[in-house]
Amino acid sequence: MSHLKAIQTWLSQNNYDLAYISNFKTVEYLSGFGSDPIERTLALLVFPDHEPFLFAPALEVEAAKASGWPFPVYGYLDHENPYALIKNHILATGITPQKWALEKGNLTLDRFENLRQQFPQASFNGNLTPVIEQERLFKNEDELKLLREAGKWADFAFEVGFKALSTQATEQDVVAEIEYALKKKGILHMSFDTIIQSGANAADPHGAPKADLIRPNELTLFDLGTVYQGYVSDASRTVAFGTIDDKLKEIYQVCLEAQLKAQDAVKPGITAAELDKIARDVIEKAGYGQYFIHRLGHGMGQSDHEFPSIMEGNNMELQPGMCFSIEPGIYIPGYAGVRIEDCVCVTANGSEAFTHSSKELLTLPLK
């Protein structure tokens, strides 16, 4: 509950009466209760000097109580107005909040207007989003243990996926093999939709796996991650399936050099922009700069995309406990795509990677 205490302290120091937390991932981070309410309302109400409470759909109330959350949990039925009920529960504390802080990076305009209708005299100027980002930026040792475990299962997924490559299998078949093997091990959720792309399909960085057969003598890109007790992994590997030509080998080696140089450069004090430039300079020098079309990396923890962005223009100095991806890519339309990625945590002297599958070019035999 230390993260929750940090929010309460911030509210007190900034003279806010209430924090309304609407992002279900933030709710999980602060309460330990994880659930995506889809279109329903899930919220955490935090006060500077009063016990917080969870507000959830009625069908989630018992699960919230069983999650280890020690404070009240209130629910609502689908036909009820959740915001009117939230108002009643707030007023029952004896507090009539005038100064609210919201997750402005998450709360929709429609839901904000519903809240404002219940408290028309209140001000909603406080922005919790950067506060939450800063709190989630640094992972403690308990969180790092979970990230390491999630990384271990990503390495297992690569092993399964590499073995599943076949000229008789489609990209979607390989995804199914990976996720079935993980489920048999008790890993029920991926941190994002698994990406398997063969040949020219990999030139689309976020393309979905297709019903196309794995192409012989081409590169195949894997991008995947698992969820372990609420924390995620995210990693990419690209392998040769059969014999590939020298051009594909060159592209791979350039991307690998960029990834390794950037990962080796991680240490306290380097900026996100400097790290991005290290990788980008390698790719640009080799003549492929126009094909590296995204930032070098992104934060990760309970979500696969968190604050901060490792990119040009971000002069944030990296510090111990920050976790993020390092994933340069080269994407040549109609020809091939390569991405190599590990997520790392900044340590006192460098960094620790969460995934350990070899990044040297792996050539798998045709079958």
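## Helices and buried spots, in conversation

Colleague: Where does Ser22 lie?
Modeller: This is a predicted model, where local features need pLDDT of at least 70, side-chain atom pairs count only at pLDDT 80 or more, and totals for chains, interfaces and linings use all residues. Residues are numbered from 1 along each chain as its sequence is written, and side-chain values use heavy atoms, with hydrogens and water left out. Helices (H or I, at least four residues) and strands (E, at least two) are DSSP runs, numbered from the N terminus. Ser22 sits in the loop between S1 and H2.

Colleague: Is Ser22 buried or exposed?
Modeller: Buried means under 20% relative accessible area, exposed over 50%, and partly exposed in between (1.4 Å probe, protein chains only). Ser22 has 16% relative accessibility, so the label is buried.

Colleague: Which residues is Ser22 in contact with, leaving aside neighbours within four places in sequence?
Modeller: Contact here means heavy atoms within 4.5 Å. With that rule, the partners of Ser22 are Leu42, Glu103, Asn106 and Leu107.

Colleague: At what angle do H2 and H6 pack?
Modeller: Axes are lines fitted to C-alpha atoms, for helices over the stretch in contact, and angles run from 0 to 180 degrees between N-to-C directions. For H2 (residues 24–31) and H6 (residues 129–137), the axes are 12 Å apart and the angle is about 50°.

Colleague: What does that make H2 relative to H6?
Modeller: Angles under 35 degrees count as roughly parallel, over 145 as roughly antiparallel, 65 to 115 as roughly perpendicular and the rest as oblique. That makes H2, relative to H6, oblique.

Colleague: Which residues of H6 do Lys25, Thr26, Tyr29 and Leu30 meet?
Modeller: Those four belong to H2. Their partners in H6 are Ile132, Glu135 and Arg136.

Colleague: Where are the buried residues of H5, and why are they on the same side?
Modeller: In H5 (residues 109–118), the buried ones are Phe112, Leu115 and Gln118. The arc is that of the directions from the helix axis to the C-beta atoms. They share a side of H5 because they cover an arc of only 120°.

Colleague: Which exposed residues does the face of H5 turned away from its buried side carry?
Modeller: The buried residues of H5 pack against strand S1 (18–21), helix H4 (82–91), strand S5 (99–102) and strand S6 (123–127). The face turned away from that buried side carries the exposed Leu109, Asp110 and Gln117.

Colleague: How do H9 and H10 run relative to each other?
Modeller: The axes of H9 (residues 246–265) and H10 (residues 272–285) come within 8 Å and cross at roughly 155°. H9 and H10 are therefore roughly antiparallel.

Colleague: Is Asp223 buried or exposed?
Modeller: Asp223 is found in strand S8 (residues 218–224). Among the residues Asp223 touches, not counting those up to four places away in sequence, are Phe192, Asp234 and Arg339. With 4% relative accessibility, Asp223 counts as buried.

Colleague: How many Å apart in space are Asp223 and Gly269?
Modeller: In sequence, Asp223 and Gly269 are 46 residues apart. In space, C-alpha to C-alpha, they are apart by 29 Å.
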